[in-house]
Amino acid sequence: MDVSLLYFDDCPNWKIAARRLDAVAAESPGVVVSHRRVETLEDAERLRFLGSPSILVDGVDVFAGPGSSVGLSCRIYRTPDGMAGVPSLEQLRGALGLSRDEA
């Protein structure tokens with residue numbers, strides 16, 4: 001499974017997302033994580049970048065919601081602990097179709 005982390009440098013949350021994705025990948029040998037920096041608004045529009053960090057699984061933004069807008073901004077996620085700049089580990093596992101038992 002190919003997982004892409006899209007980000008832009010000015011958003012600090014992408015580094016936390018990268019660490020969490022690395023942890024999930026370490027648990028699941030079939031998960032390959034790559035990072036892609038989005039540098040311009042034109043790149044954001046071309047990639048349908050919904051903010052940093054964005055997590056794509058096989059090219060699909062697994063956390064995209066209705067009405068999400070494209071742009072160079074920090075993204076907010078609804079987590080079990082409230083709003084946060086990154087999904088929780090459990091949310092990432094769920095989005096990748098992994099459970100803690102499979103990991």
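This is a predicted model: local features need pLDDT of at least 70, side-chain atom pairs count only at pLDDT 80 or more; totals for chains, interfaces and linings use all residues.
Now look at which parts of α1 are hidden. Its buried residues are Asn13, Trp14, Ala17, Ala18, Leu21, Val24 and Ala25. Because they cover an arc of only 135 degrees around the axis, they sit on the same side of α1. The spacing has a simple background: an α-helix has 3.6 residues a turn, so residues three or four places apart point the same way. On the other side of α1 you will find Arg19 and Ala26, which are exposed.

What lies over the buried residues? Their cover includes strands β1, β2 and β3, together with helix α3 (89-95). Helix α1, residues 13-27, lies across β1 (2-7), β2 and β3, and runs at about 170 degrees to β1.

That brings us to the sheet itself. Strands of a sheet pair through backbone hydrogen bonds, either parallel or antiparallel. Here four strands make an open sheet with mixed pairing, in the order β2-β1-β3-β4. At the edges are β2 (32-37) and β4 (60-61), each of which pairs on one side only.

With β1 it pairs in the antiparallel sense over four bridges, and Leu5 stands opposite Ile55 of β3. With β4, strand β3 (residues 54-57) is joined by two bridges, and these strands also run antiparallel. The bridge partner of Leu56 in β4 is Asp61, while Val57 has Val60 as its bridge partner there.

In a regular strand the side chains alternate between the two faces of the sheet. Both faces of β3 are covered: Ser54 and Leu56 are buried on one side, and Ile55 and Val57 are buried on the other.

Next, follow the chain into the loops, where some backbone details stand out. Most residues other than glycine have a negative phi, and most peptide bonds are trans. Asp58, in the loop between β3 and β4, has a positive phi of about 50 degrees although it is not a glycine. The hairpin formed by these strands has two residues between them. Is Asp58 buried or exposed? With 51% relative accessibility, Asp58 counts as exposed, because the cut-off for that word is over 50%.

Another loop, between α2 (41-47) and β3, holds Arg48. Arg48 also has a positive phi, about 55 degrees, without being a glycine, and it is exposed, with a relative accessible area of 53%. Although Arg48 and Val70 are 22 residues apart along the chain, their C-alpha atoms are separated by 5.8 Å. The loop between α2 and β3 also contains Pro53. The peptide bond that leads from Ser52 to Pro53 is cis, with omega near -5 degrees.

Finally, consider the cysteines. A disulfide is a covalent bond between the sulfur atoms of two cysteines. How many disulfides are there in this model? The count comes to zero, where a pair would need its sulfur atoms within 2.5 Å. Cys11 is buried, with a relative accessible area of 0%, whereas Cys74 is partly exposed at 39%.

How values were computed:
Residues are numbered from 1 along each chain as its sequence is written. Side-chain values use heavy atoms; hydrogens and water are left out. Two strands pair if DSSP finds at least two bridges between them. Contact means heavy atoms within 4.5 Å. Axes are lines fitted to C-alpha atoms, for helices over the stretch in contact, and angles run from 0 to 180 degrees between N-to-C directions. Buried means under 20% relative accessible area, exposed over 50%, partly exposed in between (1.4 Å probe, protein chains only). The arc is that of the directions from the helix axis to the C-beta atoms.
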